[in-house]
Amino acid sequence: MWRRACAFFLSTAVLCGSAFLAVQRWERAKEKLFEYTFSADTAVICRYTGTKDSVVLPGEIGGKRVTAVSDRAFYENHAVRSVQFPASVQSIGAYAFYGCAGLEELILPSSLDFVGQYAFSQCPKLTQIEIPGNVTEIAEGAFSGMSRLERVKIAGVFRIGEAAFADCPKLKTVIFSAPVQTIEKEAFFNDPALQSVTLPGAVSYIGERAFGYVCGQTIGSAVRIADFTLCADSDAAMNYKCANGL
């Protein structure tokens, strides 16, 4: 009896130990999908190390909320086709998804506040982008060089950076569903399919060649799009139209 009891407890311990090790291995494998850093109560995803083409970013790591995707986290990752963000992400860093040649599905979270420099530049398969209403800034070149981008909807942004949507040859529809305060120079430069833009509310600043211009035949030159129209009533918009013959 005693020997049978010992054998039973030993086998149970072995099974439990095996289960524990299996869980530990699974946890480690799960964590290896991402490299990350912690602050006092938040986590930042620094790099994606997995191989899946459909990526779901965790809302928490180690009990801490994931609030940002760091610079170059998915830089030139050609395997990723879709990314799902948790509702906690507020910031996407510079070059975070730059050159993701396979990325074709992108839904930005409503919690997002900032999109960094060239964050989604050179992503040739994306055809539409919707900027949620909590975003305050789209940095320089954030969505530039997107060869198939056709439609952009901006729910509300304080500042659109220089060349943010430049060099998008198929971009033909840009919808502003809320006022924007600042549009930096060449924000929509060299977008030949974009023939008309309507800006609601009072825009305080529009930089040079922000709308209605494409590259000229010589380096650094620009040519105005003949039939481009800008519909807006603010002083900054009127000054831009007058200065550029729109």
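The model is predicted: local features need pLDDT of at least 70, side-chain atom pairs count only at pLDDT 80 or more, and totals for chains, interfaces and linings use all residues. Numbering starts from 1 along each chain as its sequence is written, and side-chain values use heavy atoms, with hydrogens and water left out.

Strands here are DSSP runs of E with at least two residues, numbered from the N terminus. Two strands pair if DSSP finds at least two bridges between them. Strand β12 spans residues 151–154. Strand β10 (residues 128–131) runs parallel to β12, and 4 bridges join them. Strand β14 (residues 173–176) also pairs with β12 in the parallel sense, over 4 bridges.

V152 has a partner in each of these strands. I129 stands opposite V152, and in β14 the bridge partner of V152 is V174. R151 is bridged to T173 in β14.

In a regular strand the side chains alternate between the two faces of the sheet. In β12, V152 and I154 form the covered face, while R151 and K153 form the uncovered one. In β14, V174 and F176 are on the covered face, and T173 and I175 are on the uncovered one.

**Aromatic contacts**

The whole structure holds 17 aromatic pairs. Rings of Phe, Tyr and Trp (its six-membered ring) pair if their centres lie within 6.5 Å; planes under 30 degrees apart count as stacked, over 60 as edge-to-face and the rest as tilted. Two of the pairs are tabulated here.

| Pair | Centre to centre | Angle between planes | Class |
|---|---|---|---|
| F34 and Y48 | 5.6 Å | 50° | tilted |
| F74 and F97 | 4.6 Å | 15° | stacked |

F34 lies in strand β1 (residues 34–38) and Y48 in strand β2 (residues 42–48), so their pair ties together parts that are 14 residues apart in sequence. The F74 and F97 pair links distant parts of the chain, 23 residues apart. F74 is in the loop between β5 (64–69) and β6 (82–84), and F97 in the loop between β7 (91–92) and β8 (105–107).

Buried means under 20% relative accessible area, exposed over 50%, and partly exposed in between (1.4 Å probe, protein chains only). F34 and Y48 are both buried. F74 and F97 are buried too.

R72 sits over two rings. A charge counts as over a ring if NZ of Lys or CZ of Arg is within 6 Å of the ring centre and within 35 degrees of the ring normal. R72 lies over the face of Y75, at 4.7 Å from the ring centre. R72 also lies over the face of Y95, at 4.9 Å from the ring centre.

Most residues other than glycine have a negative phi. Q122 has a positive phi, near 60°. Q122 is in the loop between β9 (114–115) and β10, and is partly exposed at 37% relative accessible area. E186 also has a positive phi, of about 55°. E186 lies in the loop between β15 (180–183) and β16 (196–198). With 16% relative accessibility, E186 counts as buried.

**The second largest pocket**

A pocket is an open set of points on a 1 Å grid over the protein atoms alone, where a 1.4 Å probe fits, with protein on both sides within 12 Å along at least five of seven lines; lining residues have an atom within 4 Å of a point. The lining of the second largest pocket includes E104, I107, I129 and R151. β8 and β10 each supply at least two of its lining residues.
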